[in-house]
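Let's take a friendly look at one protein model together.

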Amino acid sequence: MFKNDNSDITPLDASEPFDVCIIGSGPAGTTLAKSLVENGVRTLMLESGYGLVRWLTDKRFKKNLADFEVSGDAEYPVENTRGMLLGGTSNFWTGRCERFHPLDFENHPYTPKDNPWPISYKEIDPYYEKAEKTLNVRCGKRSKYAPARKAPFPLSSKTDISYLKNIFSKIGVTVDDSPTATPRKIPRFFWFQKEVLPGFLKAPNFTLITGATVTRLVGDSDKKIIGAVVRTLDGEKKMARAKKYVVACGGIATPRLLMLSKSEQFPNGIGNTYDRVGRGFNEHPAVNFYAQLPHQRDTLIPTNKIGRSHQFYDAFRSEGLWSILHVFRQSWVLPHHNIH
């Protein structure tokens, strides 16, 4: 695991530009870096943060670098679900790997007629398969309501949710296993900086720099990105040069960087010709219901069990209730058994 908490940006002084510069070391950035490095591409990854301890103790990250504003009524405590640190949001992720439903890619009441989805479920299916292999996704056999798939899951499920399935089947609800990324070692959560990054960290064509915050992207007169301005917490400043740039900073930091990159060539920020960058952000809106049952032989196991149901996905949408996915959780709490 990478443990260096010192910013060393001297590799940016290289005479030749990198083939690809990836900004962000979270799930998207790390997965892409793995593929590029394995194919011989000279890759630079820039990460604003360090490790989890530094993120929790150095107040400059949350006060100076992670600050943001929200317009509208969607205020959400994102400090609990994201962070500037190596591995990005995988540090807060429980590993659930549910696919979008095929219906999400088709025309429906919430899709503008003049602006349909540019891709189909069939087109994205092989990429789902690759991602599931990278993440060691486990899952049991699923019902006809779950998103269709051509290949089986990489690993079979080790979690028995038969109690959940049985209790809901009595009221006509079909519950499926929940696809989950599986770490190769404990702890149980799938962290990219422990599971994926070590596999190519020492490759000669890969350079990782932590503590390197990209503050803006620089374009030329042809609107081609030719550099990324990098700053450290100590005020050091350099330019990262590459033939291609990938911004993989998450739903908040990515649009922020694009809009901070205003210039004569990009007066509204990069990619923001139509003033849509940074708009429409959403997190995990949820409505929760709880029930308690007396303990019985099948509930006396002190672990959480999670199941999902797509059974009413289309029905809810036709009723004007958007895309709703049922998630069922059973937990062992004395003196009762909780269904959430």
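A salt bridge here is a side-chain nitrogen of Lys or Arg within 4 Å of a carboxyl oxygen of Asp or Glu. By that rule, the structure holds 15 salt bridges. This is a predicted model, in which local features need pLDDT of at least 70, side-chain atom pairs count only at pLDDT 80 or more, and totals for chains, interfaces and linings use all residues. Residues are numbered from 1 along each chain as its sequence is written, and side-chain values use heavy atoms, leaving out hydrogens and water.

Here are some of the salt bridges:

| Pair | N to O distance |
|---|---|
| Asp19 and Lys243 | 3.4 Å |
| Asp177 and Lys165 | 2.9 Å |
| Arg184 and Glu195 | 3.4 Å |

Helices (H or I, at least four residues) and strands (E, at least two) are DSSP runs, numbered from the N terminus. Asp177 lies in strand 4 (residues 176-177) and Lys165 in helix 5, so their bridge ties together parts that are 12 residues apart in sequence.

How accessible are these partners? Buried means under 20% relative accessible area, exposed over 50%, and partly exposed in between (1.4 Å probe, protein chains only). Asp177 is buried at 7%, while Lys165 is partly exposed at 27%. In the other pair, Arg184 is exposed at 53% and Glu195 is buried at 15%.

Now back to helix 5 (residues 162-169), where Tyr163, Leu164 and Phe168 are buried. They sit on the same side of helix 5, because they cover an arc of only 115 degrees around the axis, taken from the directions from the helix axis to the C-beta atoms.
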